[in-house]
Amino acid sequence: MSMFHDEFDHAPGLRYLNHAAIGPWPRRTSEAVTRFARENLRLGASEYPTWLATERRLRERLARLIHAPSRDDIALVKSTSEALSLVAFGLDWARGDQVVISDEEFPSNRVVWEALGDRGVEVKQVSLAGADPEASLLTACGPRTRLLSVSAVQFASGLRLDLARLGEGCRVRNVLFCVDAIQQIGALPFDVQRYQCDFAMADGHKWMLGPEGLGLFYCRAEIRPQLELNAYGWHMLEHLGDFDRRQWQPARSARRFECGSPNMLGACALEASLSLLEEVGITTVAAHLQMRIEQLLQGLAAIPGVQLHTPADPDKRAGIVTFSIDGHDSTQIYQALTAKRTICALRGAGVRFSPHFYSKERLIDEAVQQVRRLAMR
Ligand SMILES: Cc1ncc(COP(=O)(O)O)c(C=O)c1O
């Protein structure tokens with residue numbers, strides 16, 4: 001593992017615990033982008049076939065990362081929000097159809113469904129607060145429910161849902177299953193087949209350590225033709241590159257969701273970042289991340305007055321730990337930590353820490369000590 005620490009070169013004194021917002025790039029990604037810039041300066045797109053090869057490798061890496069049956073199941077999109085919109089504005093809704101979500105969703109996975117209100121679609125928000133949030137979600141799915149859409153890991157509390165159970169529950173109820181996976185992919189293994197996902201999406205700039213502006217959209221092959229397309233262009237055609245052809249049809253592959261020129265700069269960067277995750281191996285990534293999370297949870301729990309808002313059960317959490325301190329304003333705690341270069345976020349019920357597999361034990365200890373000192377003020 002230690003060799004992978006060389007892949008990160010954070011400024012001295014910086015404790016970067018904010019991967020649930022935006023992950024820093026590995027060294028190889030920074031170098032790949034520098035090479036790409038230089039190539040553009042010197043050669044323009046003369047070597048375009050090598051760019052296409054990078055893009056193909058990216059699709060293959062993403063397919064492996066989420067255990068999709070084929071790279072043809074992966075569309076490269078701008079963001080998680082864009083992919084959610086492809087689903088919401090692609091399905092043929094009838095008035096009275098219902099979408100079930102949780103009441104803790106990031107806005108992207110709520111507003112996109114609420115935007116269907118004028119088509120007569122009703123959004124049902126389910127509390128995850130009980131002892132069995134999966135049961136609450138499935139019980140809420142009634143005869144009018146067309147789709148269940150949840151985040152794999154809640155962005156504020158860090159609660160991770162049992163996706164295999166939800167997927168099976170959706171299948172037996174004949175409900176489509178959509179997973180906003182941005183807070184899980186790259187942090188923990190993810191398996192669209194085991195979870196029986198109809199749709200899954202994630203941006204690359206968090207746990208996958210890529211740049212903003214490039215994400216993945218998985219759509220189960222059997223459902224793909226059912227999604228109506230709302231964006232058209234040359235790149236999404238079955239006969240890509242045959243510019244003189246007058247008869248056309250959308251690509252059978254997930255490329256049908258990519259209407260125009262690809263984000264090659266983003267692909268170059270994300271491909272490099274994923275090459276690191278694949279070299280380390282996602283199970284090793286997850287194991288190391290869980291050690292850091294355990295360290296954070298134990299360290300914070302030992303501080304008088306600290307309330308943890310993230311479940312202690314390893315099956316119910318991922319890479320997020322959110323806490324508050326009795327009698328202290330979380331905004332002030334957040335600002336004090338940030339001023340000391342411990343990069344974190346203010347979310348939900350408190351301050352959110354999100355390390356990654358390469359985060360050093362010592363940095364986590366320092367962050368916990370900072371919280372301890374703030375709690376004693
Ligand atoms: C759960 C969740 N979904 C979606 C997003 C936004 O993703 P994007 O910017 O790729 O649309 C975030 C970002 O914080 C998130 O935490």
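**Model.** I worked with a predicted model, in which local features need pLDDT of at least 70 and side-chain atom pairs count only at pLDDT 80 or more, while totals for chains, interfaces and linings use all residues. Residues are numbered from 1 along each chain as its sequence is written, and side-chain values use heavy atoms, with hydrogens and water left out.

**Ligand shell.** I listed the residues around the ligand (a heavy atom within 4 Å) and found S79, T80, S81, F106, S108, S151, F155, D180, I182, Q183, D203 and K206. I sorted this shell into three nonpolar, six polar and three charged residues.

**Polar contacts.** I looked for pairs of N or O atoms within 3.5 Å. An N or O atom in the D203 side chain is 2.5 Å from a ligand oxygen. For K206, a polar side-chain atom lies 2.6 Å from an oxygen atom of the ligand, and for T80 the value is 2.8 Å. I also noted that the protein covers 88% of the 400 Å² of accessible area that the ligand has on its own (Shrake-Rupley method, 1.4 Å probe).

**Helix packing.** I took helices as DSSP runs (H or I, at least four residues), numbered from the N terminus. The axes of helix 9 (residues 282–301) and helix 11 (residues 361–376) come within 10 Å and cross at roughly 20°. Helix 9 is therefore roughly parallel to helix 11 (angles under 35 degrees). Helix 10 (residues 330–339) packs on helix 11 at about 135°, with the axes 11 Å apart.

Notes. Polar contact = N/O pair within 3.5 Å; in protein donor to acceptor, adjacent residues only side chain to side chain. Nonpolar A, V, L, I, M, F, W, Y, C, P; charged D, E, K, R; others polar. Axes fitted to C-alpha atoms, helices over the stretch in contact; angles between N-to-C directions. Helix = DSSP H or I, 4+ residues; strand = E, 2+ residues; numbered from the N terminus. Parallel < 35°, antiparallel > 145°, perpendicular 65-115°, else oblique.
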